[in-house]
Structures are given as C-alpha cells and as structure tokens.
Protein chains: 4
Amino acid sequence: MTEIRVAVLGASGWMGKVHTMAYETFPHFFGTEGGTARVVTLVDRNPARAQELAARVPGARIVQDWREVIADPEVDLVDICLPDNLHYEVAKAALEAGKHVFCEKPLAESAEEARELADIAKARGLITRVGHGFPRNPVHDLAKEIIDAGEIGEITMFKGCQHVDMYGDPMVPYMWRADGSLAPTGIVGDTGSHVFSFMEFLVGRVTSLIANNIIVTPRRPKIEGLGLGETAELTGSEEWADITNPDASQILCTFENGANGIVDFSRVATGRKFMQTYEIYGTKGSLAYTFDEVNRLRFYTNADPIGRRGYREIDVGPEHPTYAAFLPLPNFALGYNETKIIEAAEVIRSIVSGKAMWPTFETGHHITQIVDACMSSSRQRAWVDIPQS
Amino acid sequence: MTEIRVAVLGASGWMGKVHTMAYETFPHFFGTEGGTARVVTLVDRNPARAQELAARVPGARIVQDWREVIADPEVDLVDICLPDNLHYEVAKAALEAGKHVFCEKPLAESAEEARELADIAKARGLITRVGHGFPRNPVHDLAKEIIDAGEIGEITMFKGCQHVDMYGDPMVPYMWRADGSLAPTGIVGDTGSHVFSFMEFLVGRVTSLIANNIIVTPRRPKIEGLGLGETAELTGSEEWADITNPDASQILCTFENGANGIVDFSRVATGRKFMQTYEIYGTKGSLAYTFDEVNRLRFYTNADPIGRRGYREIDVGPEHPTYAAFLPLPNFALGYNETKIIEAAEVIRSIVSGKAMWPTFETGHHITQIVDACMSSSRQRAWVDIPQS
Amino acid sequence: MTEIRVAVLGASGWMGKVHTMAYETFPHFFGTEGGTARVVTLVDRNPARAQELAARVPGARIVQDWREVIADPEVDLVDICLPDNLHYEVAKAALEAGKHVFCEKPLAESAEEARELADIAKARGLITRVGHGFPRNPVHDLAKEIIDAGEIGEITMFKGCQHVDMYGDPMVPYMWRADGSLAPTGIVGDTGSHVFSFMEFLVGRVTSLIANNIIVTPRRPKIEGLGLGETAELTGSEEWADITNPDASQILCTFENGANGIVDFSRVATGRKFMQTYEIYGTKGSLAYTFDEVNRLRFYTNADPIGRRGYREIDVGPEHPTYAAFLPLPNFALGYNETKIIEAAEVIRSIVSGKAMWPTFETGHHITQIVDACMSSSRQRAWVDIPQS
Amino acid sequence: MTEIRVAVLGASGWMGKVHTMAYETFPHFFGTEGGTARVVTLVDRNPARAQELAARVPGARIVQDWREVIADPEVDLVDICLPDNLHYEVAKAALEAGKHVFCEKPLAESAEEARELADIAKARGLITRVGHGFPRNPVHDLAKEIIDAGEIGEITMFKGCQHVDMYGDPMVPYMWRADGSLAPTGIVGDTGSHVFSFMEFLVGRVTSLIANNIIVTPRRPKIEGLGLGETAELTGSEEWADITNPDASQILCTFENGANGIVDFSRVATGRKFMQTYEIYGTKGSLAYTFDEVNRLRFYTNADPIGRRGYREIDVGPEHPTYAAFLPLPNFALGYNETKIIEAAEVIRSIVSGKAMWPTFETGHHITQIVDACMSSSRQRAWVDIPQS
C-alpha cells in the first residue's frame, strides 16, 4: 500500500472541501489496495480561515501561499482548486517541480497554454488529470460500454445542453463571472466545457464548429451584499455594469468520425435549476441522458423485435465497479460529490500504478481548443476548423 | 346557419380521410352556430377507389380530376390534400376561380410561390388556411396566452425539435421522400415546417439563420414491397439509389424580437417514434412542451416565491374553448386527429364570418421563407437573412 | 355491406354526442366492410334541444321518450347514454324487444340486475356491450398481447388507481353525484369501475376483497350556479348538505389466478386532473401504464441481458390494427374520444358478424359484482368473497 | 468544539463503512461548531478483516467482540450496524452502560423491545437515534415545511410504496432474508419500515390498519455461490427451501389526524430496481415524491389561479441548510450515502447540545408497533388497532 501526499490549493471553496473530503473518504469505498492519500497541506490565501481548516483536517499544514507547496518535497500531488485564471501558472510550476497535478476544469484559458501543460507533463512522465467530473458518474461508463460494443452502431448525431438560471432575471446584479476581462469565455468555458467533456468522452474529437455566443442582458445593476439568485429592488442610484462575456452559446459542429452535433448552454435559462442532457443517435440504436435522473440511461436498440422496441430506462448498478463501490442496489442515488470521490480514487491509482486515466491534460487541451473555436467562430460568424493536434 | 360546400382533393390518403371526417364531425363538438360543412365532392385520381369513397360519404360526387372541382360553382371551399408538388398549381387555380382554400402544409415549394398565392387571396378577399395543425392543439393556445400576458417576460431563447425514426436504419430502403428531385427540401420542408409553425405562432418572425443540412445515409437499396419501417435482407443484386435531400437539419437563428433560436429535426433519429418539443425562455419565466404528454405544458414563473419555484405541469382544460368542445376534464387525451377537427371548424367559421384565422397563406409564406433560407444557408455554409416582407 | 340502424338515448350529453359522432365517423377509419351505422333516432327528454340535435344529425328522428325507440321496428341497436339509474330498466326493455344494446357504464346498480340483463341477452342471442372504453385504447391490446404471450410470466401483483380532483376542495359545493340516494356507490361505481375493467381485461376475475370506503368531506354547501371546479365564497346563510356516498375507496383484493391486488380511487385527490395508472408484476417481467402518456406502455423483461434491463417505453403503433386505423406513426396521440370510435366500430361489427366482443354484459356483471363487494366489505370492515358465477 | 468518541459495530458491512465515512466526513460539509467525531473503535466479528479496517481508519482500535465497546469508558456513542436480531440486546447493554446509541433500523424485533429501549434511554437522559435515513434527504424537510405551514391544508390521504426486484424471479435462490425464523417480519420490517418512517415524519401516528402479507414464491432452490440477482440453471438435484416470511405486503390504514392511507411494499416487483414513492393529499394542495428524481418534490396548491394550476417540480436547494452544506445549486444530485452524513452530523450535534432530533428510539417504537400490527392483522385477516402509547 502506497500513500500519496496531497496538497489542496484553494481549500476553503466548495471544490476545495469536496476534494479534501474525497481523498480522505475513498478508501472506505474503494479499499486501500490501489493506494491511499494523505492531505498534508491545505492552501488558502485568507489567514482568517486557517483555524477552521485545521479543525477540519487535523494534522495538515495550513499555508497562505501556493508557492510553498511547489517547493515542498513532501508533496506528491498538487490539487488545484484555485480561480480559473491561476490554473496555468500554478500547474506549470507544479509540473516543473516534478509534481503530479490534478487541476479543476477548465485546464487553462487558451489552447496554447493547455498544449504547453500537456507537453511538460508528457516530457516529465507525470500523471495529470483535469476535474471533468460529470462523465465519471458510472452511468456514463455504461454509455461508453454500449457505444464501444457497437450496440448503437455508427454514431451519427450528438445533441447536448447544459442550462442554469443564474442570470435568467435581468435584475440579478452584476458579478465577476460576467466580466469578460476576468472570465473571457463566460458561459462557454464555464458550462460549455462540461458538455464538451461528454463529447470528448463518448463521441470523439470535434473538427469544426459554428457558434453563436449571445449576451442576453447587456447591463446589470451593481449591488453589494446580494446572495446568488437574489434580485434587486432598485433605488435609482445604482451603478450599472456592462456584461462583457456570453450569457449563452448555441453551436453546430462536426466530429472526426463523421457525426454532426448540436449543442447549447446558457446561464439565462429561467427555470432551469440545473439541466444537463445528451442524446446520441447511431445507425442501430441511441442513448439519452438527463441529469434529472442522475444515474439512469435511456437505451434504444433495433435489436429488439418490432412491436417491443422502446427506450429502456437502465439504472446503472453494481455491475459497474465504480457504482458497486458505493451502493448495493441500482437506482439508489449516487450523488455529484461522490463522482469527486471516484476522481480522487482514480488519480491516486494512476499515480501509484503509473497509468494515466481519462481525462488527462491532453483531454483538457482538446476541450480548450473547442472553447477557443467557439469564441473565434462567434466573432467571425463563420464555421471554423479545429486542428487535430 | 350557413352551410359551406367542400371539395376534398386527395380524399383517399390519411389527410384526405381525416379532413373529410373533420368536416362531418365538428358540429358535434362546436355546434352549428358558426356554420356547417357539407362534403360535396371527393377527388381521387384512382377510379378503383371511387366505390369505397362513395360508401364512406353517401351523397358526395366522386371525381378523378381536380380541375372539375375548380370549375364547379357548387363548391365554396377547396381542401387540398394532394402531393406537395401540386399545392401551388391547384391552390392558384382555386383562388383564381374565387374559391376559399384550405391547403395542407407545406403551402408551396418556394417562398415566391407562397407569396403569389397569398397575394391572389388578398386581392380577391378569399379565406385561406394552411394545414399547420400542431399549434392548434389548445395546449399551445395556453402557451400563447401566457406569453401574450407577459407572464414569462421578454422572450430570449427558443429551442425546438422534431425527430422521427423513419430512416435511422441505413438498410431501410429508398423511397420517394428521399429523392431531391421529387422533394427538394427533404426533412426541412417535411418536418421542419412544423417546428417553424410553432416559432411563427409563439415567438414571431425569423430574421436570419444558419443551417447545416445533413445527408446521413448517402445511398439506400431499392427494394419493392417493403412497408414503412421494414428493413431489407440484401441479396447482393439490389440496385442502390442516392439520397439527394437532407436527412436532418440543425439550425441557429435570430428572431425579429431579438430572441435567439436553436432548432433541429431529423428523420434518422433512431428510437424516436415521434418526438416534438419546444422550450421558450423569457426574462420572467419559461415554457416547455413535449408531444409525449400531448396536452400538458410546463410553466415556470419567477412570480412564485423562492423555495416554491418549479415547473408547473399544467394540463390544458375546459377553460380553453377548443378543449372544452371535446372533453369535460383536463388530462383526458385530446388526440392529433382532433386538432384537424378544430381546423375544420375554424376554416368554416372563417368563411362564414369573413374573418381569417391563423395560419393563413401569409403564415404559409413566412414558413416557406424559412425553409428556403435553410436550403440556401446550408449550401453556402453561412448565415443568411430573411426579408421581412 | 350491412347498415345497422341506431338510436342514441341521452343524445345531448357528452357521451351522447361522442357516441353519435362515433357511428358516423368510424367508416373513415375502419372502412365499410364490417358494416356501417346510421343514426336514425336521437332521444332527449328536453324538447328545447330538438332543434340543435336535428341540425347536428340531418335526417334523424328526434324524440323525447325512450319508449318510442323500444317500440320502433326500424331500430336495430339501442345505445344507452342515459343517467345511471335508468340503465337497467331501459336495457331490459330493449333486450326484451329484441334489440341489440350498447350501454354506457355502469351496466346496472347491482350485480343481480346485471346478471338478469346478461341472461336475457344470452337467451335471445343478442349482442351486448358495456361502454368500458378505456381498455379499448390499443395500448392495452398491446398489454394483453404481452401478457397472453407469457412475456411477463405468471401475474403476481396488480396495482391500479384512478384519481380526480372534482372534490378535493371542501368548499366545492354539493352536487347530485355525492348523494347516496341518487348515486349509492359514489366513487366506487363511478370511477372504480374503470379500474375494475382493466383488472377484468388484463388479469382476470376478482375472488375476494376488502375495501375502505371513505367520506372525506362530510358536509358541503349547497350553492346554485357554480360550474365544475368552482368554489364558494360563503355568505353564512348557505344550506349545507350531507355527503352520503364515498369520496374515495382503498381496496386490497385477490384474483382467481392467485395474484393479489391493491387499488384505490378518489374524487378528492387535490391536484390530480385525471390520473389513471396500473402496474402488473409477473414472474418474468412487468408492465406499467399511466394515462399521462396515453398511448405508451412500459414493459420490463428478464429476457434482456443483465446490465441492459430496464423498462422500455413502448408506444403502441400501426402494428395494432385499431391504432393503424387512425394514425400512421407511433406516439402521434390517439385521444380518448377516438376509443369511442373503436367501440362503435366494434359493436357494429359484432352485430353484423354475430360475434360478441369484450366487454359484453357478462363483463358488466363481473364488474358490478366487484362494486357490490366493495360496498358490503366496507360496511362490514371485513374481507368478502365474490361468487364466481 | 467537542469531540465525540464513536465505536462502530459491524464495521465491514455497507452500513458500517458508510457510518464510519460519515463521522469522518461531516465536518467538511457542516463545519466543526456543532462538535466533531472521532471513530475510536471498529468492531467486526471476523478477525480476517482487521487489517483492512485498520488501513481504512488509521488509529482506531479493531476488536472482535462488541462487549468490549460497552465496557470501554473511552466510548461516548455506540453505533450499531449489526444484524437486526442483535439490535435489542446490544442497544440495551449500551444504554445501561450510559452510552448514547445510534442504531440502524429496525430498532428491534417487537414493539415491546423498542418500548423498553426508549424507556431506558429516557430514564437515563441519553441521546438515541434510529437509522431511518431516507426522510433526512432535505427534500423531505421541504415537504414537512410545506405541510407544517398549512400549504396543503388538512392531510386527507397518504399513499406510499417501496418496491425492489430482489426476488421477482422465482429461480433466484433461497437466502436467509426469506427465512421466517431468522427474519420473522420479512419485507414488512425490512422495507416497510422505510415507508412507515415517512408516514411518521410527514403525517403522524397510525391508529389502525389491515395488512395482507403475501408469500408469492413458496419454495426456492438452495444454491451456493450465487450473487445477488443471479438465477439458477437447475440440475434437478437441488434442495428446496420453504419461504417463510412475506415477499410483499399491501396495507390500508388510518392516522391519528383522521387521514387514511394505502401502502404497499414488495421484494418481488420484477423490474423495480428501487422504487420509493409517496403522495400526500390535503384539502388545499398535495405533494408527490419519487426516488427516481431523488431531490425533487412535486407540489400542487389551490392558491394558484385556475388555468395556472399544476404540480410544480421543486428541486430542494440551498435554501435548506442540509442541502446547502453539500451543493451550491439545486438539482445537483445529493446521493443516498450523503443522507448518512447528515445523520452523523445530527447525532453528534444532538449529543453535544443535549437536544434529541428525529428519529429517536421513541420514533423507532412507533414504527415497530406498525410492523407488529401488520403481522398480526394479516394473520387474523382483520383490522387491528395500534395503542397510542
């Protein structure tokens, strides 16, 4: 049994907490044979949070500067839950210091940066992983198994979406996520990259696309002290801020294998608390998924006799090892945070075994390419090609 | 009470039967005050069907040539259920003979033809109607009522689709519908026009679009004697035919009111017996519809208090007069053919009252413009504008 | 081609209109080979409605007294859409006059009466039919086909319900349906009999049961002039009426074939516009139905391989002749009123061919036995047996 | 911050693992202010598992005999995940030794035993909790909030079920769960108690009931080495074992507040991987829940205007503190195991604060009374009353 020493950067945020929990927890579900993790360092810029962090993880070092971790020979794995615009810099430093890296998505702010990170890791033989957790729900392993076995034939069409209602109401105030200087790709990188990770996992690489990026609400009031989802009674004296990155994006695309795709995502989808769906059509069958029934896949096959054909509601179950780890019965509710436990178990197993697992920084590169192409296509209002490198 | 004398052209096909039934039946549901209809002539090219037609509609004339109807002063309304490529010629002749016209969709094979028909009708003060029946399901009157009352605010996004599985299997043999010389717009005019009718009814006119028309299966075997949905055991000696019109189309668009749209339709959606959905997002709420629950609308409103917000499943009910005509309780299953009874009642009432009702040939023109734009955009692989005339 | 002459009794009510429409309409869907119908007489007690009836059915006699129909040698089939408490008397008179009879459900107010009617019909060789229309939706023929082929094995459990919200609100005023002297069995006969018809059609006869009949709201205000579903602002001076028949009933039962059942129905199910469901479990598979998706059946089979098992959503389609008659595609919405067209076509075909079709008065007798047993079991608060005669 | 020292008994089973994980994990979600837990002892009868347990929980004592824990002054909370037939004995010993107790459900094998345990705990002022975890999903707090606020009015009806397919196939071999000498109440205590916990949480106490307990498959083959869900190819030389406890139970009941209930549960529901539903009808609204959409509640209210009424799909969200602890967005998938984290956090907070939280042993007593009544009612085939003590 090998123990991997982990530093979690950005430890007080939601992802930081969940990653920390995941390292501590996965052996209860996956055992200790594939290796275990010890969270040795928690990084949070704000010293006021140090005490709470220490209480949560007895024995861990609490530090304010991520550079301390890079320099620390007692750290094997750097886990990056920092703001998006720090991912590239920190990941690069960690890789160059010879650390394995698990970086929350998006990997970087441009395909060039992502390419560089993947190349450094490859050159040094380090394990990398991007936090595209959604496809690690075992229900998508079931989807992949069905596709790889040829049960839906050749894939001809992919349709997917991810919608939230963060900004459906025009009176929801301005926040940094809507500022193109802080978050240049807006919804495209933030939410779109999740859909792109399903495309990458289940269909293959995207070769060309046309995107229509849309700013639905061009100005929002600047109001302090409002929680997420709260709206404002305006006093008339508010400042207003321009919204400078996309609220929504609608995309047509082609895949390397000849399939076509139609995809959209939105943060202004009034009423959609969290909507994530895909449909995959093939020459012999099809698949359909909605996050509303989080562990269930709909599968249609022409192998069923006429008169008995219909979408089957298959609940992923203990036939799949990453499901069996958690629950003894199908349809027993494997939650979102638990896919993070799967990711933690897999990244540790990768390091111990030396075998990379999807999604690596190479995957992150492909997804960043798609994000870049959406931005450029929408500016040009034209189809753009994606280099297959 | 006024009786309108109707000739049904193409009386033996599905639509011909349903239209004939609808004229005879609507007074049971809508009463006789708005006028009644008498089917005086049935037209079918095939004389072998005359006897069955006579048995079905005692008292009606049975003729083989539609020109006899045009010349007949005893006919007030010409109802066209003929093949698509005859719509323009027959409708034009009927209008020029001073007949009111109810024409099954699509109205014509080009926007120019549709424009001409609408202009003739307008010049002569005749009642016209296109057979876009889906939006006449009263559940869509409920949607329109909610939109018109401002309950979802300004519309920002429309998403819609219509999918069938006629051609999902590449071994389903060639049929005339897949021949670009007989049906130049393929799925775009055939199925897309239904989605476009919802857009026209609920959102407004389309101003620009980009389409990706796709031929998924480029060649199919030519095999005689197979029924719809049957596949072929190939002998090796089949002829193969090229598929020369679109199997699917994926579209981004903009609307006159500033909303954006994303739409797709397909005849190769393996597993989708008949799928028709739309979602309409606004600044204060949203609507969602799926044909699977044919008389139910999902409605979300920000007017609900936080913690009690969610899509409401509203079953259209007897509050709506065209529902109350048929059924005393909500969620009691108003079927597709019954929307044709609504259409028949409305076209007769239009003629008797002199007041046109949606969808007229003007509507048909708008929809044909969208079809044309899809064909041209996909050829050019570029956004195209639609003239607002 | 034989034409059957029909008299519709109670022609102005909803069922009267729909039956009349159905006789006129079915040849458009089912052709004329199995016979046709001519509605020769419409009976309505109220002379004020005669003119509207004459306008709706040109050529029919309009009479006020049902006895005229019984005496009329020009009537072959008596179709009874009268109030429930007249069913027995009118059906008996019609049978004794040698007429075939189609009687809306419930057949009679006691098992003894139903028995007597079935016996008279049998002795005279007349065709009988009870208007249990729900199971004639072809989706239930699909269910029966699956059961009869052994695809779900031996049936072990039946679960069913039917709920409406007519009376969920205690301020909905008193109406005659809630008066035990006018409608002695309340919800049990009114709504329960629909569920019992599914049990009879799909599972078999009931051998014993225990029922809990419940009056949820013991008194309601008497208020004139309110429509269905409207509630009252009370003035304080209303009269109140006692509710004297069941608002709801909850039932456990056993079937002849050894299966067990659990069933409930209610008119006080706040929120349920119309809810009708069943689930049938067997040793090899199961079926589930909900009226929300009116033409769709869910089918589960252990014959599917492990890892691919799940309920299939099967849309009944043109493989089934009574579906093909109406629509060329599955999932295209066959409505409730259209099952009445199927019933009309079947009763005419029965008369012309001399072959009875389910549900006959014998079926009506079985269902009435179950209703009687519910009333008696609930009074005794004990299991009761049902004689298998 | 107070640390509670916990011993987990039965640490290698599914529940043992999840409880252990939950004590370690909850501070990441709920913070440390309400107290923390340290798992000091793990009990497993099988010494072969000691090493794996030690690896999973570094620092914990690993023992084979639960009596060591009772005698250990360093243990504050005894957490019982042992086989059902040990619950009473161990809980009693722990309470008498002055330990707080968290006992997995069912609390005991008879109402008398449960009563005794509740009385001891009360006399000694100890915190008790039964592991009825399903209702601790925050979606049910939302249901309770709606009910308690009077938003559905007076509750009139409860309908609930829980179905699994463990034993749908008669060839699934015999296992101890089906042996009445080892598990006298069969499905009633095993699965029914979950439904009873919802009734207790949301509606109130049951006053009388009638149950029909059913053995669907009276004999099963005895075959070694088969996994859960696997069936047997019989050789003809198998031994067969009698099934001597209920496979299913169907129940009618009355509640203290006047509502009526209908409930069933089954382990022979072919096709139901895990089905758990409830519907609660009131005089002003209603609620409906299905585990298929694990964090979503359907809510109907007559306060909505006519024409806009319908079930709202409300996703429990961060308005609810036990949801906010885990996820920042509604409909983001809170899993089953995470409700165990809520339970662990609550039991620790109870001990630290001295304030008991639902469900205590008193709750466990009420639920055990219902189980007992089902067994006795089914034997007598008669309604039985439940003492309200």
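Predicted model: local features only at pLDDT ≥ 70, side-chain atom pairs only at ≥ 80, totals over all residues.
Residues are numbered from 1 along each chain as its sequence is written, and chains are lettered from A in the order in which they are written.

**View 1. The contact between chains A and C.** Chain A gives 17 residues and chain C gives 17 residues (contact: heavy atoms within 4.5 Å). About 1,400 Å² is buried between the two chains, 41% of it on carbon and sulfur atoms (buried area: accessible area, 1.4 Å probe, that two parts lose on being put together, summed over both). On the chain A side, Arg308(A), Arg312(A) and Glu313(A) lose the most area, together 49% of what that side buries.

**View 2. Salt bridges across the contact.** Chains A and C share 8 salt bridges (a Lys or Arg side-chain nitrogen within 4 Å of an Asp or Glu carboxyl oxygen). Arg312(A) bridges to Asp304(C), with the closest N and O atoms 3.5 Å apart.

**View 3. Elements on the chain A side.** Helix H6 (138–148), strand E15 (296–301) and strand E16 (311–315) of chain A each give two or more residues to the side touching chain C (DSSP runs: helices, H or I, at least four residues; strands, E, at least two; numbered from the N terminus). E16(A) gives the most, with 4 residues.

**View 4. Strand pairing between the chains.** E16(A) pairs with E16(C), residues 311–315, in the antiparallel sense over 3 bridges (pairing: at least two DSSP bridges between two strands). Glu313(A) stands opposite Tyr311(C).

Notes
Heavy atoms only, no water.
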